[in-house]
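Welcome! Please take a moment to look over the sequence and the model, and then we can walk through them together.

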Amino acid sequence: MSILLFIIILAVLIIAHEFGHFIAAKRAGIRVDEFGIGFPPRLWKKKFGETTYSINLFPVGGFVKIFGEDPNEESTHGKDSGRSFVHKHKLIQTWVISAGIIFNLILAWILISAGFMMGLPYSSSDPRYGDRVTGSALVITSVVSGAPADIAGLKTGDKILALYGEGNASLENPTTQSTKEFISTHSELRFAYLRDKEIRTLSMVPEGGIIEGKKGIGISMDDSGMLKLPPLEALYAGTLSTATLTTATATGLAHFLKSIFIGQASFAEISGPVGIVNIVSDASKQGFVYLLLLTALISINLALINLLPFPALDGGRLLFILIESIKRSPIKPVVANTANAVGFILLILLMVVVTYHDIAKLLNG
């Protein structure tokens with residue numbers, strides 16, 4: 001079931017991204033030869049007009065074959081070269097390449113806005129909508145890898161119900177601040193928490209060095225519940241949340257890229273298809289609205305990753321357009337095509353390595 005949900009989510013994200021390229025190219029008068037879901041070999045194809053629509057065997061991607069995007073003799077000098085991507089104005093080329101990224105962000109906005117209409121997890125401490133949050137509880141928002149909480153088994157999304165310390169010390173109805181104080185002043189802890197509608201308990205020992213000057217267990221928390229808004233307010237809140245999540249994701253991505261350059265990157269920080277299947281499984285147990293939010297987050301991640309100036313990604317193609325604009329002459333087709341082919345191979349290798357680490361984490365965990 002989790003694999004099926006993952007394939008559905010992936011298909012939605014791909015269709016949104018590739019449809020952005022597709023509709024922008026069509027509107028610009030550029031010939032589109034194929035719109036494909038998944039990677040070949042083909043399972044099904046049907047031609048409507050000048051475009052072939054296909055479903056392919058490997059459901060981990062998708063593509064739109066835009067005439068002239070990868071220049072060749074036909075698209076450069078052939079009889080239909082006037083409808084080639086390569087002969088369009090640089091602004092049109094930029095729009096066609098950027099449209100996939102933009103449509104992923106639009107999809108995220110639509111999903112988050114729909115979530116607010118149905119009821120979405122939201123912080124009760126937010127000054128704008130906090131007083132309209134219902135069913136507020138203390139929720140773990142992140143767990144530091146290797147910290148006492150991680151080793152003991154706490155996970156993001158767990159709701160903390162109560163804490164118990166040595167002797168008869170206890171904390172009922174905990175808040176973010178009272179929990180921080182309780183953890184820092186006790187040498188042994190037992191947690192009562194809610195996961196998958198089941199009350200569980202576990203014990204751990206706080207450690208120094210996690211929080212400066214205090215003992216900690218390596219978690220972030222927030223008092224949150226469900227926020228349900230009428231349609232117009234939901235669209236506005238969706239806009240704000242999409243902007244906030246995009247900024248936070250971009251910051252996290254920049255931090256990860258920096259860690260690569262200084263040799264401190266860890267594959268534990270990223271997930272491939274296998275890891276995402278597990279994340280989808282966890283989200284589905286929480287409810288449909290959590291799947292919507294997860295899909296929106298993946299869509300934002302997909303948009304920002306595609307923006308990176310790396311060959312085979314949209315950002316790489318945008319970089320080529322910029323270079324051609326500056327030098328006022330096209331990059332040789334053999335150079336552009338070779339760079340994109342090498343970039344694609346490197347991305348596939350990265351996916352293989354990440355998938356290997358995902359499987360290793362499953363086997364070890």
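Predicted model: local features only at pLDDT ≥ 70, side-chain atom pairs only at ≥ 80, totals over all residues.

## Helix α9 and its length

Let's begin with helix α9, which covers residues 314-327. With 14 residues at 1.5 Å a residue, α9 should span 20 Å.

Which residues of α9 are buried? They are D314, G315, G316, R317, L318, F320, I321 and E324. Just after α9 comes R328, which takes a positive phi of about 60°.

## The chain as a whole

Stepping back, the protein chain has 10 helices and 11 strands. Its C-alpha atoms fill a box of roughly 85 × 45 × 40 Å along the principal axes. Of its 365 residues, 40% count as buried. Counting contacts with a separation of 6 or more, 62% are between residues 24 or more positions apart.

What about the outside? The accessible surface of the protein chain is about 19900 Å², and carbon and sulfur atoms account for 64% of that.

In soluble globular proteins, nonpolar side chains tend to be buried together. Here, the largest nonpolar core has 26 residues, and those touching the most other members are F116, Y122, Y129, L227 and L229. Two or more residues each come from α1 (2-27), α3 (90-118), β3 (120-123), α6 (231-261) and α8 (288-306). Helix α8 gives the largest share of this core, with eight residues.

Apart from its neighbours within four places in sequence, Y129 is in contact with Y122, L227, L229, E233, Y236 and A237. There is also a second, separate core of 19 residues, and among its members are A25, V32, F35 and V64.

## A phenylalanine in α8

Our last stop is F288, which lies in helix α8. Is F288 buried or exposed? Its relative accessible area is 55%, and because exposed means over 50%, F288 is exposed.

F288 can also be placed relative to another part of the chain. G115 is 173 residues away from F288 along the chain, and the C-alpha atoms of the two are separated by 9.2 Å.

Notes: Residues numbered from 1 in each chain as written. Heavy atoms only, no water. Helix = DSSP H or I, 4+ residues; strand = E, 2+ residues; numbered from the N terminus. Buried < 20%, exposed > 50% of the residue type's maximum accessible area, 1.4 Å probe, protein only. Contact = heavy atoms within 4.5 Å. Areas by Shrake-Rupley, 256 points an atom, 1.4 Å probe, with all protein chains shown as cover. Core = buried A, V, L, I, M, F, W, Y, C linked by side-chain atoms within 4.5 Å. Expected span 1.5 Å × (residues − 1).
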